[in-house]
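Here are my notes on this one, written for someone new to reading structures. Have the model open while you go through the points.

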Amino acid sequence: MADQTAPLRTTAEPAGGSTLAAGTKPDAAVVRDALGVGIAVGLSGFAFGVTSAGSGLSLLQTCALSLLVFTGASQFALVGALAAGGNPYTAAAGAFFLGVRNAFYGLRLSQLLALPRALRPLAAQWVIDETTAVTLPQPTRRAARIGFTVTGLTLYVLWNLTTLLGALGAEALGDTDAWGLDAASPAVFLALLAPMLKSTTERVTAGLAVLLALGLLPVLPAGVPVLLSALAAPAVLFLMGRAKGTGTAAGTAEAKDAGPARAEEER
């Protein structure tokens, strides 16, 4: 078995020395970061409970979504589309495609965590934006496992508890639309996503996806704009490929034109 304290990446030792080996992180610091994310996001489950109940879902349906689906953006997308009168199949499809991103997170996290085979199906339920955001920056496998476990456990328990409280308290709040609570989870998701958009390609893709979703929202049924906004990724890749191909072709043509001139100079 691989050493869990071995660095996952090379880290330079800070100047002046340190009591920790290069590339390590105190367990307490990892737990603190994980609890911070888990508690902050977990409390927004209250907003989902209120929104879901206000959309017409029963208490059992609302709690089942949090227990079994457990990915906030997809849950809000589903109940939001249903509340807007969207087709249930379209709403479910939109929620599904939003949740597909977790499968790609899992590919990376499976390498970092290297969990025993028996635990992987259970851990898969906790592969979401927040656990990924906490786990990926960790310098060692031990730290990654602690971050993933503490974030996942804290968030799962709080999210489901506050979902229940939100659904039970929906009637007391009255008009749930007036509170704007349906924006809480998407806002948290965007706050976590924004720092990860480091390259120009990622920022352009995200911006185009937002424009597509907002532009199509008034003219298409609820749930469909979210599906079509995914077209931003292949569109940007296609345009970049064409631009790169054009640049390569121009460079090749320039090199060919410069060839005879160089030969003449050499003579």
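1. Let's begin with burial: 32% of the chain's 267 residues count as buried (buried is under 20% relative accessible area, exposed is over 50%, and partly exposed is in between, with a 1.4 Å probe and protein chains only).

2. A word on what you're looking at. This is a predicted model, where local features need pLDDT of at least 70 and side-chain atom pairs count only at pLDDT 80 or more, while totals for chains, interfaces and linings use all residues. Residues are numbered from 1 along each chain as its sequence is written, and side-chain values use heavy atoms, leaving out hydrogens and water.

3. Now the fold. The chain has 13 helices and zero strands (these are DSSP runs numbered from the N terminus: H or I with at least four residues for helices, E with at least two for strands). Take the contacts between residues at least 6 apart in sequence: 74% of them join residues at least 24 apart (a contact means heavy atoms within 4.5 Å).

4. Have a look at helix 2 (residues 45–54). Seven of its 10 residues are buried, so the rest of the structure largely encloses it. Phe48 and Val50 are among the buried ones. Just after this helix, Gly56 takes a positive phi of about 105°.

5. On to the aromatic rings: the whole structure holds six aromatic pairs (rings of Phe, Tyr and Trp, using the six-membered ring of Trp, pair if their centres lie within 6.5 Å; planes under 30 degrees apart are stacked, over 60 edge-to-face, and the rest tilted). Phe70 and Tyr156 make an edge-to-face pair, 4.8 Å centre to centre with 80° between the planes. Phe70 sits in the loop between helix 3 (59–69) and helix 4 (72–83) and Tyr156 in helix 9 (residues 141–173), so this pair ties together parts 86 residues apart in sequence. Phe70 is also buried, at 4% relative accessible area.

6. Which residue forms a tilted pair with Tyr156? That's Trp126, at 6.4 Å centre to centre and 45° between the planes. Trp126 lies in the loop between helix 7 (120–124) and helix 8 (129–135), so its pair with Tyr156 in helix 9 ties together parts 30 residues apart in sequence. Ring pairs link Phe70, Trp126, Phe148 and Tyr156 into a cluster.

7. Ile39 lies in helix 1 (residues 27–42) and is partly exposed, with a relative accessible area of 38%.
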